[in-house]
Amino acid sequence: MKNNIREIRKHLKLSQDELAKYCGVSRQTVNAIENAKYDPTLHLAFKLASVLQVTVNELFIFEEN
């Protein structure tokens with residue numbers, strides 16, 4: 001699943017480590033999500049959206065295979 005996390009995170013001047021700490025995950029998890037290597041749980045998706053001050057729909061781009 002594609003996402004806009006990197007762009008929004010950089011716009012807010014947050015590092016991956018800072019975002020990870022706010023969301024209670026590791027920096028590696030944030031990196032994997034940003035690079036579409038890992039799809040977050042629904043709970044984490046909402047937490048990311050909350051920290052980044054956007055909706056889940058603004059954060060993630062659903063593409064059917």
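Two residues are taken to be in contact when heavy atoms lie within 4.5 Å. On that basis, and leaving aside neighbours within four places in sequence, Ile5 is in contact with Leu19, Ile33, Glu34, Leu48, Leu52, Leu59 and Phe60. The model is a predicted one, so to speak of local features takes a pLDDT of at least 70, side-chain atom pairs count only at pLDDT 80 or more, and totals for chains, interfaces and linings use all residues. Residues are numbered from 1 along each chain as its sequence is written, and side-chain values use heavy atoms, with hydrogens and water left out.

As for the overall layout, the protein has five helices and two strands, where helices (H or I, at least four residues) and strands (E, at least two) are DSSP runs numbered from the N terminus. Read from the N terminus on, the elements go β-α-α-α-α-α-β. The radius of gyration comes out at 11 Å, close to the 11 Å that the globule rule gives for 65 residues, so the protein is as compact as a globular protein of that length. Here the radius is taken over C-alpha atoms, and the rule is 2.2 Å times the number of residues to the power 0.38. Along its principal axes, the C-alpha trace spans about 30 × 20 × 20 Å. Among contacts between residues at least 6 apart in sequence, 58% join residues at least 24 apart.

The protein exposes about 4,500 Å², with carbon and sulfur atoms supplying 50% of it; accessible areas come from the Shrake-Rupley method with a 1.4 Å probe, and for residues only the protein chains shown count as cover. Buried residues make up 34% of the 65 residues, buried meaning under 20% relative accessible area, exposed over 50%, and partly exposed in between (1.4 Å probe, protein chains only). As for charge, the mean positions of the 9 positive and 8 negative charges are 8 Å apart. Lys and Arg count as positive and Asp and Glu as negative, while His and the chain ends are not counted; each charge is placed at NZ of Lys, CZ of Arg, CG of Asp or CD of Glu.

Now for the inside. A nonpolar core is a set of buried Ala, Val, Leu, Ile, Met, Phe, Trp, Tyr and Cys residues joined through side-chain atoms within 4.5 Å. The largest one has 16 residues, of which Ile5, Leu19, Ile33, Leu48, Leu52, Leu59 and Phe60 touch the most other members. Helices H1, H2, H3, H4 and H5 each give two or more residues to this core, and the largest share, four residues, comes from H4. In H3, the buried residues are Val30, Ala32, Ile33 and Glu34. These pack against strand S1 (2-3), helix H1 (5-11), helix H2 (16-23), H4 and strand S2 (60-61).

Arg9 sits in helix H1 and is buried, with a relative accessible area of 6%. Beyond its neighbours within four places in sequence, Arg9 is in contact with Leu14, Ser15, Gln16, Leu19, Glu34 and Leu52. Arg9 and Val56 are 47 residues apart in sequence and 14 Å apart in space, C-alpha to C-alpha. Leu12, in the loop between H1 and H2, counts as partly exposed at 30% relative accessibility. Not counting residues up to four places away in sequence, Leu12 touches Val51, Leu52 and Gln53.

Finally, the backbone. Most residues other than glycine have a negative phi. Ala36 lies in the loop between helix H3 (27-34) and helix H4 (42-51) and is partly exposed, with a relative accessible area of 44%. Ala36 and Met1 are 35 residues apart in sequence and 6.0 Å apart in space, C-alpha to C-alpha. Gln53, another residue other than glycine, has a positive phi near 60 degrees. Gln53 is in the loop between H4 and helix H5 (56-59), and at 65% relative accessibility it counts as exposed.
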